[in-house]
Amino acid sequence: MASWNARLGDLHRDRLERARRPDAAPRQRHTLALDGLKTPVVYQEFAGEALGSHCWEAGLYLSRLVAKQQYLVKGKRCVELGAGIGLCSVVAAMSGALHAHATDVHNQPLLDLALLNARLNDIPEDKFSVAPLDWLADTDHLGQLGVAEVVLAADVVYDPALHAALERVLCQFASVPGSHGLEVLLAYKQRNVGSEADFLRRLEACGFTECNLTEEMAAVPPPSRTRVHRLCARGNQG
């Protein structure tokens, strides 16, 4: 486990380095059939291991869950954190989200690819957008992203060093005027039980409560060691 966490740290540093230079990695095209969607999802990803360049298991599962349980996003304004190639945002838009906004660290090639993936699935321009968002630097400008009713976050808790910044971002989203009823759909591959549990406790301290997702997950069983939480801001417990 320790070696795997060290490997993730290396990948995270590589991702930040890639954000500072153009990404010339070749693209790979995929087609993904999801229960609940009328048409398969078409998406491209960059070859290689760098974080964000392709969709990890938790992102694939969160996409499956949203496609099957569309009420989670239907008619709602969604923001995805650490979106990478934007698959979860694309699926949210295809599942009836009012608007899906994919965000990630400053990496224009990656943001452009997320936008391309939306276009590959004929998502209207007014239903999908992308923007850079660095949790360590951009949190004073969250209001510019507009009101979020659902935050999608897949495999964003792999690095405990980023938990405080992610907590701050989520709590600030909940405090944006008009964001009453904010929900966070958090999915991740369990890697460090202690730090992940501590992160959830910190979110509870800033006003989030675990809302029931048992029946939805029973209909879409997660892979081994994949954890999913539906976190509701105070006043929106379900």
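Me: Among contacts in the chain between residues at least 6 apart in sequence, what percentage join residues at least 24 apart?
Reply: This is a predicted model, in which local features need pLDDT of at least 70, side-chain atom pairs count only at pLDDT 80 or more, and totals for chains, interfaces and linings use all residues. Residues are numbered from 1 along each chain as its sequence is written, and side-chain values use heavy atoms, with hydrogens and water left out. A contact means heavy atoms within 4.5 Å. Among contacts between residues at least 6 apart, the share joining residues at least 24 apart is 73%.

Me: What percentage of the residues of the chain count as buried?
Reply: Buried means under 20% relative accessible area, exposed over 50%, and partly exposed in between (1.4 Å probe, protein chains only). The accessible surface of the chain is about 10500 Å², with 52% of it belonging to carbon and sulfur atoms; such areas come from the Shrake-Rupley method with a 1.4 Å probe, and for residues only the protein chains shown count as cover. Of the 238 residues, the buried part is 53%.

Me: In what order do the strands of the open sheet of seven strands lie?
Reply: Helices (H or I, at least four residues) and strands (E, at least two) are DSSP runs numbered from the N terminus, and the chain has seven helices and nine strands. Two strands pair if DSSP finds at least two bridges between them. In the open sheet of seven strands the pairing is mixed, and the order is β5-β4-β3-β6-β7-β9-β8.

Me: Why is one side of each edge strand left without a neighbour in the sheet, and which strands are these?
Reply: Strands of a sheet pair through backbone hydrogen bonds, either parallel or antiparallel. Each edge strand has a single partner strand, so one side of each has no neighbour in the sheet; the two are β5 and β8 (208-211).

Me: Which residue of β5 is the bridge partner of H101?
Reply: Strand β4 (residues 99-104) has five of its six residues buried. On one side, β3 (residues 77-81) runs parallel to β4 over four bridges, and V79 has H101 as its bridge partner. On the β5 (residues 128-132) side, the pairing with β4 is also parallel, over five bridges. There, the bridge partner of H101 is S129.

Me: Which helix lies between β3 and β4 in the right-handed β-α-β unit?
Reply: A crossover is right-handed if, with the strands pointing away from the viewer, the path from the first strand over the helix to the second runs clockwise. The β-α-β unit of β3 and β4 is right-handed, and its helix is α3 (residues 87-94).

Me: Is α3 largely enclosed or open, and how many of its residues are buried?
Reply: The buried residues of α3 include L87, C88 and V90. Just after α3, G96 takes a positive phi of about 100°. Helix α3 is largely enclosed by the rest of the structure, because its buried residues number seven of eight.

Me: What angle does the direction of α5 make with that of β3?
Reply: Angles run from 0 to 180 degrees between N-to-C directions, with axes as lines fitted to C-alpha atoms, for helices over the stretch in contact. Helix α5 (residues 163-175) packs on the sheet and touches β3, β6 (150-154), β7 (183-189), β8 and β9. Its direction makes with that of β3 an angle of about 170°.

Me: How far apart are the end C-alpha atoms of α5?
Reply: The expected span of a helix is 1.5 Å times one less than its number of residues. For the 13 residues of α5 this gives 18 Å, which agrees with the distance between its end C-alpha atoms, 18 Å.

Me: Is H163 buried or exposed?
Reply: H163 is in helix α5. Not counting residues up to four places away in sequence, H163 touches V157, S195, E196 and F199. The relative accessibility of H163 is 3%, so H163 counts as buried.
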